[in-house]
Amino acid sequence: MKIPLLILCPVVSANLDALKQRYDVTYAPSADERKAAIATHGARFQAVLTIGTIGLTAEEIAAMPALALVSCMGVGHERVDVDAAKARGIVVTNGRGANDECVADHAMGLVIACIRDFRKLDQLCRDGVWRTAITPPRNVSGKRLGILGMGAIGEKIATRAQGFSMPVAYHNRNAKPGSPHQYFDSVLGLAAWCDVLVCAAPGGASTHHMINADVLQALGADGYLVNVGRGSIVDTQALAVALAAGTIAGAGIDVYESEPQPPAELIGLDNLTLTPHLAGWSPESIQAQFTTFVQNIDGHFSGSGAVTPI
(Lines give C-alpha, C1' and ligand atoms only; values in the text may rest on other atoms or scores of the structure.)
Protein backbone atom coordinates (compact mmCIF):
# COMPACT_ATOMS: atom_id res chain seq x y z
CA MET A 1 0.00 0.00 0.00
CA LYS A 2 1.44 3.39 -0.99
CA ILE A 3 2.03 5.95 1.74
CA PRO A 4 -0.36 8.93 1.39
CA LEU A 5 1.82 12.00 0.81
CA LEU A 6 0.64 15.61 0.73
CA ILE A 7 2.93 17.97 -1.21
CA LEU A 8 2.48 21.67 -0.46
CA CYS A 9 5.47 23.13 -2.31
CA PRO A 10 6.31 23.28 -6.01
CA VAL A 11 8.12 20.19 -7.28
CA VAL A 12 9.67 19.86 -10.74
CA SER A 13 7.66 17.58 -13.03
CA ALA A 14 10.20 14.76 -13.30
CA ASN A 15 10.53 14.52 -9.51
CA LEU A 16 6.78 14.78 -9.04
CA ASP A 17 6.28 11.90 -11.47
CA ALA A 18 8.85 9.85 -9.57
CA LEU A 19 7.05 10.48 -6.29
CA LYS A 20 3.70 9.51 -7.79
CA GLN A 21 5.13 6.14 -8.76
CA ARG A 22 6.21 5.43 -5.17
CA TYR A 23 3.60 7.21 -3.02
CA ASP A 24 -0.08 8.09 -3.01
CA VAL A 25 0.49 11.76 -3.86
CA THR A 26 -1.84 14.71 -3.42
CA TYR A 27 -0.21 17.74 -5.00
CA ALA A 28 -1.53 20.99 -3.53
CA PRO A 29 0.96 23.84 -4.11
CA SER A 30 -1.58 26.68 -4.06
CA ALA A 31 -3.34 28.03 -0.96
CA ASP A 32 -6.78 26.95 -2.20
CA GLU A 33 -5.59 23.46 -3.16
CA ARG A 34 -3.87 23.10 0.20
CA LYS A 35 -6.97 24.08 2.17
CA ALA A 36 -9.19 21.76 0.14
CA ALA A 37 -6.80 18.81 0.35
CA ILE A 38 -6.50 18.99 4.13
CA ALA A 39 -10.24 19.54 4.63
CA THR A 40 -11.17 16.63 2.36
CA HIS A 41 -8.37 14.11 2.85
CA GLY A 42 -6.60 15.20 6.03
CA ALA A 43 -7.33 11.96 7.85
CA ARG A 44 -5.40 9.97 5.22
CA PHE A 45 -2.07 11.76 5.02
CA GLN A 46 0.91 10.16 6.70
CA ALA A 47 3.59 12.50 5.32
CA VAL A 48 3.80 16.13 4.23
CA LEU A 49 6.41 17.76 2.02
CA THR A 50 6.70 21.55 2.43
CA ILE A 51 9.25 24.36 2.60
CA GLY A 52 10.15 26.76 5.39
CA THR A 53 8.51 29.82 3.88
CA ILE A 54 5.07 28.18 3.58
CA GLY A 55 5.40 25.78 6.51
CA LEU A 56 2.69 23.77 8.23
CA THR A 57 0.51 25.14 11.04
CA ALA A 58 -0.55 23.54 14.30
CA GLU A 59 -4.16 23.57 13.09
CA GLU A 60 -3.18 21.73 9.90
CA ILE A 61 -1.19 19.19 11.89
CA ALA A 62 -4.22 18.63 14.15
CA ALA A 63 -6.36 17.98 11.06
CA MET A 64 -4.09 15.08 10.03
CA PRO A 65 -4.37 12.42 12.74
CA ALA A 66 -2.29 9.86 10.81
CA LEU A 67 0.58 12.25 10.13
CA ALA A 68 3.97 10.78 11.02
CA LEU A 69 6.49 12.81 9.01
CA VAL A 70 6.84 16.47 8.00
CA SER A 71 9.70 17.18 5.60
CA CYS A 72 10.98 20.55 4.44
CA MET A 73 12.62 20.50 1.02
CA GLY A 74 15.15 23.19 1.97
CA VAL A 75 17.06 23.93 5.13
CA GLY A 76 14.50 26.44 6.48
CA HIS A 77 11.59 25.33 8.66
CA GLU A 78 10.55 28.60 10.29
CA ARG A 79 6.83 28.31 9.47
CA VAL A 80 6.49 24.68 10.46
CA ASP A 81 5.09 24.37 13.97
CA VAL A 82 7.80 22.00 15.09
CA ASP A 83 6.61 22.01 18.71
CA ALA A 84 3.10 20.94 17.69
CA ALA A 85 4.52 18.18 15.52
CA LYS A 86 6.90 16.85 18.15
CA ALA A 87 4.17 16.92 20.79
CA ARG A 88 2.44 14.32 18.64
CA GLY A 89 5.62 12.32 18.06
CA ILE A 90 5.76 13.45 14.43
CA VAL A 91 9.26 13.50 12.95
CA VAL A 92 10.27 16.78 11.28
CA THR A 93 13.14 16.86 8.78
CA ASN A 94 14.79 19.39 6.50
CA GLY A 95 17.14 19.44 3.53
CA ARG A 96 20.19 20.79 5.30
CA GLY A 97 23.38 20.47 3.35
CA ALA A 98 21.66 19.89 0.01
CA ASN A 99 21.91 23.42 -1.35
CA ASP A 100 24.64 25.02 0.78
CA GLU A 101 27.11 25.31 -2.10
CA CYS A 102 24.53 26.89 -4.39
CA VAL A 103 23.49 29.49 -1.79
CA ALA A 104 27.11 30.36 -1.04
CA ASP A 105 27.83 30.73 -4.78
CA HIS A 106 24.86 33.06 -5.16
CA ALA A 107 25.79 35.09 -2.08
CA MET A 108 29.29 35.66 -3.39
CA GLY A 109 27.85 36.57 -6.78
CA LEU A 110 25.69 39.23 -5.15
CA VAL A 111 28.68 40.57 -3.23
CA ILE A 112 30.61 40.99 -6.47
CA ALA A 113 27.59 42.36 -8.37
CA CYS A 114 26.97 45.01 -5.70
CA ILE A 115 30.52 46.20 -5.20
CA ARG A 116 31.34 46.15 -8.94
CA ASP A 117 27.88 47.63 -9.73
CA PHE A 118 27.08 45.10 -12.47
CA ARG A 119 23.45 46.20 -12.73
CA LYS A 120 24.32 49.80 -13.59
CA LEU A 121 27.30 48.87 -15.79
CA ASP A 122 25.13 46.53 -17.84
CA GLN A 123 22.62 49.29 -18.54
CA LEU A 124 25.30 51.88 -19.31
CA CYS A 125 26.95 49.53 -21.77
CA ARG A 126 23.60 48.86 -23.49
CA ASP A 127 23.14 52.64 -23.70
CA GLY A 128 26.49 53.02 -25.46
CA VAL A 129 28.36 54.63 -22.58
CA TRP A 130 32.10 53.89 -22.68
CA ARG A 131 34.30 53.35 -19.63
CA THR A 132 35.96 56.76 -19.73
CA ALA A 133 32.62 58.36 -18.86
CA ILE A 134 32.01 56.05 -15.88
CA THR A 135 33.31 56.35 -12.33
CA PRO A 136 35.12 53.02 -11.80
CA PRO A 137 33.56 50.75 -9.16
CA ARG A 138 35.52 49.56 -6.15
CA ASN A 139 37.60 46.40 -5.81
CA VAL A 140 36.03 43.35 -4.20
CA SER A 141 39.37 41.91 -3.09
CA GLY A 142 40.49 43.01 0.35
CA LYS A 143 37.10 44.23 1.54
CA ARG A 144 36.07 43.16 5.03
CA LEU A 145 33.22 40.62 4.93
CA GLY A 146 30.81 40.29 7.84
CA ILE A 147 28.58 37.24 8.05
CA LEU A 148 25.38 37.19 10.09
CA GLY A 149 24.79 33.48 10.69
CA MET A 150 27.97 31.39 10.59
CA GLY A 151 26.28 28.06 9.99
CA ALA A 152 27.10 25.66 7.16
CA ILE A 153 26.23 28.22 4.49
CA GLY A 154 28.07 31.01 6.31
CA GLU A 155 31.17 28.83 6.51
CA LYS A 156 31.05 28.21 2.76
CA ILE A 157 30.66 31.93 2.07
CA ALA A 158 33.70 32.55 4.26
CA THR A 159 35.68 29.98 2.28
CA ARG A 160 34.81 31.74 -0.98
CA ALA A 161 35.75 35.10 0.52
CA GLN A 162 39.25 33.81 1.20
CA GLY A 163 39.77 33.59 -2.57
CA PHE A 164 39.27 37.36 -2.66
CA SER A 165 41.64 38.01 0.26
CA MET A 166 38.71 39.28 2.33
CA PRO A 167 39.08 39.38 6.12
CA VAL A 168 36.01 37.64 7.61
CA ALA A 169 34.17 38.21 10.86
CA TYR A 170 30.77 36.99 12.04
CA HIS A 171 27.93 37.24 14.51
CA ASN A 172 26.01 34.27 15.92
CA ARG A 173 24.18 33.83 19.18
CA ASN A 174 27.45 32.34 20.44
CA ALA A 175 31.03 32.22 19.20
CA LYS A 176 32.03 29.05 17.37
CA PRO A 177 34.85 27.21 19.15
CA GLY A 178 37.90 26.89 16.94
CA SER A 179 36.70 29.35 14.30
CA PRO A 180 39.55 31.26 12.67
CA HIS A 181 37.32 34.28 12.14
CA GLN A 182 36.74 37.24 14.43
CA TYR A 183 33.54 37.05 16.48
CA PHE A 184 31.32 40.03 17.29
CA ASP A 185 28.76 39.67 20.07
CA SER A 186 26.36 42.07 18.31
CA VAL A 187 25.29 42.59 14.73
CA LEU A 188 25.75 46.33 15.30
CA GLY A 189 29.43 45.83 16.08
CA LEU A 190 29.85 43.56 13.08
CA ALA A 191 28.20 46.11 10.78
CA ALA A 192 30.50 48.89 12.01
CA TRP A 193 33.56 46.69 11.26
CA CYS A 194 32.73 45.31 7.81
CA ASP A 195 32.54 46.68 4.29
CA VAL A 196 29.90 44.18 3.19
CA LEU A 197 27.46 42.41 5.49
CA VAL A 198 26.03 39.09 4.30
CA CYS A 199 22.92 37.72 6.04
CA ALA A 200 22.85 33.92 6.04
CA ALA A 201 20.81 33.42 9.22
CA PRO A 202 17.50 31.55 9.47
CA GLY A 203 14.16 33.28 9.76
CA GLY A 204 11.91 33.37 12.79
CA ALA A 205 11.25 35.59 15.79
CA SER A 206 14.87 35.60 17.01
CA THR A 207 16.20 37.19 13.80
CA HIS A 208 13.21 39.35 12.84
CA HIS A 209 14.41 42.78 11.66
CA MET A 210 17.91 42.26 13.07
CA ILE A 211 19.03 44.46 10.19
CA ASN A 212 17.37 47.74 11.12
CA ALA A 213 18.08 51.46 10.67
CA ASP A 214 20.78 51.46 13.36
CA VAL A 215 22.64 48.54 11.78
CA LEU A 216 22.45 50.11 8.33
CA GLN A 217 23.76 53.39 9.75
CA ALA A 218 26.67 51.48 11.28
CA LEU A 219 27.38 49.75 7.96
CA GLY A 220 27.85 53.20 6.48
CA ALA A 221 27.94 55.05 3.18
CA ASP A 222 30.65 52.79 1.73
CA GLY A 223 29.01 49.59 2.97
CA TYR A 224 26.93 46.94 1.21
CA LEU A 225 24.23 44.56 2.43
CA VAL A 226 23.57 41.11 0.95
CA ASN A 227 20.71 38.90 2.16
CA VAL A 228 20.43 35.21 1.23
CA GLY A 229 18.91 34.17 4.57
CA ARG A 230 15.27 35.13 5.02
CA GLY A 231 13.43 38.31 4.08
CA SER A 232 12.27 38.83 7.67
CA ILE A 233 15.85 39.46 8.82
CA VAL A 234 15.88 42.88 7.13
CA ASP A 235 13.51 45.76 7.90
CA THR A 236 12.44 46.50 4.31
CA GLN A 237 11.35 50.07 4.97
CA ALA A 238 14.59 50.87 6.77
CA LEU A 239 16.57 49.40 3.87
CA ALA A 240 14.61 51.45 1.33
CA VAL A 241 15.31 54.64 3.27
CA ALA A 242 19.00 53.77 3.64
CA LEU A 243 19.46 53.02 -0.05
CA ALA A 244 17.61 56.15 -1.17
CA ALA A 245 19.50 58.40 1.23
CA GLY A 246 22.93 56.92 0.55
CA THR A 247 23.21 55.70 4.13
CA ILE A 248 24.68 52.54 2.56
CA ALA A 249 26.23 52.19 -0.88
CA GLY A 250 24.13 49.33 -2.16
CA ALA A 251 22.48 45.98 -1.54
CA GLY A 252 21.95 42.57 -3.09
CA ILE A 253 18.73 40.90 -1.98
CA ASP A 254 17.59 37.38 -2.81
CA VAL A 255 14.92 37.21 -0.09
CA TYR A 256 12.37 39.81 0.99
CA GLU A 257 9.39 40.21 3.26
CA SER A 258 6.77 40.51 0.54
CA GLU A 259 7.55 37.19 -1.20
CA PRO A 260 6.40 36.10 -3.71
CA GLN A 261 5.38 39.65 -4.59
CA PRO A 262 8.31 41.96 -5.40
CA PRO A 263 9.30 44.43 -2.66
CA ALA A 264 7.47 47.57 -3.74
CA GLU A 265 9.63 49.84 -1.56
CA LEU A 266 12.82 48.65 -3.25
CA ILE A 267 12.19 48.01 -6.93
CA GLY A 268 12.66 51.63 -8.04
CA LEU A 269 16.13 51.94 -6.49
CA ASP A 270 19.20 51.83 -8.73
CA ASN A 271 21.73 50.80 -6.08
CA LEU A 272 20.05 47.45 -5.54
CA THR A 273 20.37 44.04 -7.19
CA LEU A 274 17.32 41.78 -6.73
CA THR A 275 16.91 38.07 -7.38
CA PRO A 276 13.66 36.11 -6.73
CA HIS A 277 14.66 33.81 -3.84
CA LEU A 278 16.57 31.33 -5.97
CA ALA A 279 19.98 31.41 -4.29
CA GLY A 280 19.45 27.78 -3.34
CA TRP A 281 18.02 26.69 -6.68
CA SER A 282 20.04 25.02 -9.40
CA PRO A 283 19.48 21.72 -11.22
CA GLU A 284 22.12 20.20 -8.97
CA SER A 285 20.75 21.54 -5.69
CA ILE A 286 17.14 20.73 -6.56
CA GLN A 287 18.10 17.14 -7.24
CA ALA A 288 20.14 16.96 -4.04
CA GLN A 289 17.21 18.28 -1.98
CA PHE A 290 14.87 15.81 -3.65
CA THR A 291 17.24 12.95 -2.90
CA THR A 292 17.44 13.99 0.75
CA PHE A 293 13.64 14.04 1.00
CA VAL A 294 13.35 10.55 -0.50
CA GLN A 295 15.98 9.31 1.96
CA ASN A 296 13.99 10.86 4.79
CA ILE A 297 10.60 9.45 3.84
CA ASP A 298 11.98 6.02 2.95
CA GLY A 299 14.14 5.93 6.05
CA HIS A 300 11.33 6.90 8.37
CA PHE A 301 8.70 4.51 7.06
CA SER A 302 11.15 1.61 6.65
CA GLY A 303 12.19 1.92 10.28
CA SER A 304 15.82 2.82 9.61
CA GLY A 305 15.19 6.46 10.53
CA ALA A 306 15.18 9.86 8.86
CA VAL A 307 18.56 11.14 7.71
CA THR A 308 18.15 14.85 8.58
CA PRO A 309 15.79 15.12 11.57
CA ILE A 310 15.34 18.51 13.20
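Author: Two strands are taken to pair if DSSP finds at least two bridges between them. The model is a predicted one. On that basis, seven strands form an open sheet with parallel pairing, and their order is β8-β7-β6-β9-β10-β11-β12.

Reader: Which strands stand at the edges of this sheet of seven, and why is one side of each left without a neighbour?

Author: An edge strand has a single partner strand, so one of its sides has no neighbour in the sheet. This applies to residues 182-183 and to residues 272-274. The edge strands are therefore β8 and β12.

Reader: How many bridges join β9 to β10, and which residue is the bridge partner of V196?

Author: Strand β9 covers residues 196-199 and strand β10 covers residues 224-227; the two run parallel and are joined by four bridges. V196 has its bridge partner in β10, namely Y224.

Reader: Which strands does helix α5 touch, and what angle does its direction make with that of β10?

Author: Helix α5, residues 100-115, packs on the sheet. The strands it touches are β6 (145-148), β9, β10, β11 (250-253) and β12. Its direction and that of β10 make an angle of about 155°.

Reader: Across which strands does helix α10 lie, and at what angle does it run to β11?

Author: Helix α10 comprises residues 236-245 and lies across β10, β11 and β12. Relative to β11, the helix runs at about 140°.

Reader: What is the orientation of α5 and α7 to each other, and what is the handedness of their crossing?

Author: Helix α7 spans residues 152-162, and its axis is 9 Å from that of α5, at an angle of about 50°. The two helices are therefore oblique to each other. As for handedness, α5 passes α7 in a crossing that is right-handed.

Reader: Which residues make this contact, and how many of them are nonpolar, polar and charged?

Author: From α5 come D100, E101, V103, A104, D105, A107 and M108, and from α7 come A152, I153, K156, I157, R160 and A161. By class, the contact of α5 with α7 has five charged residues, no polar ones and eight nonpolar.

Reader: In what order do the strands of the sheet of five stand, and by what angle are neighbouring strands turned against each other on average?

Author: This open sheet has parallel pairing and the order β2-β1-β3-β4-β5. Strands β2 (24-27) and β5 (91-93) each have a single partner, so they stand at the edges.

Reader: Over how many bridges do β1 and β3 pair, and which residue stands opposite L6?

Author: The pairing of β1 (residues 4-7) with β3 (residues 47-50) is parallel and extends over three bridges. The residue in β3 that stands opposite L6 is V48.

Reader: Which strands does helix α1 touch?

Author: Helix α1, residues 13-22, packs on the sheet, and its direction makes about 140° with that of β2. The strands touched by α1 are β1 and β2.

Reader: Is α1 roughly parallel or roughly antiparallel to α11?

Author: Helix α11 covers residues 283-302; its axis lies 12 Å from that of α1, and the packing angle is about 15°. Angles under 35 degrees count as roughly parallel. The orientation of α1 to α11 is therefore roughly parallel.

Reader: Is A213 buried, partly exposed or exposed?

Author: A213 belongs to helix α9, residues 213-219. Exposed means over 50% relative accessible area, and buried means under 20%. Because its relative accessibility is 47%, A213 counts as partly exposed.

Key. Residues are numbered from 1 along each chain as its sequence is written. This is a predicted model: local features need pLDDT of at least 70, side-chain atom pairs count only at pLDDT 80 or more; totals for chains, interfaces and linings use all residues. Side-chain values use heavy atoms; hydrogens and water are left out. Contact means heavy atoms within 4.5 Å. Axes are lines fitted to C-alpha atoms, for helices over the stretch in contact, and angles run from 0 to 180 degrees between N-to-C directions. Buried means under 20% relative accessible area, exposed over 50%, partly exposed in between (1.4 Å probe, protein chains only). Angles under 35 degrees count as roughly parallel, over 145 as roughly antiparallel, 65 to 115 as roughly perpendicular and the rest as oblique. A crossing is left-handed if the near helix is turned anticlockwise from the far one by less than a right angle, and right-handed if clockwise. Ala, Val, Leu, Ile, Met, Phe, Trp, Tyr, Cys and Pro count as nonpolar, Asp, Glu, Lys and Arg as charged, and the others, Gly among them, as polar.
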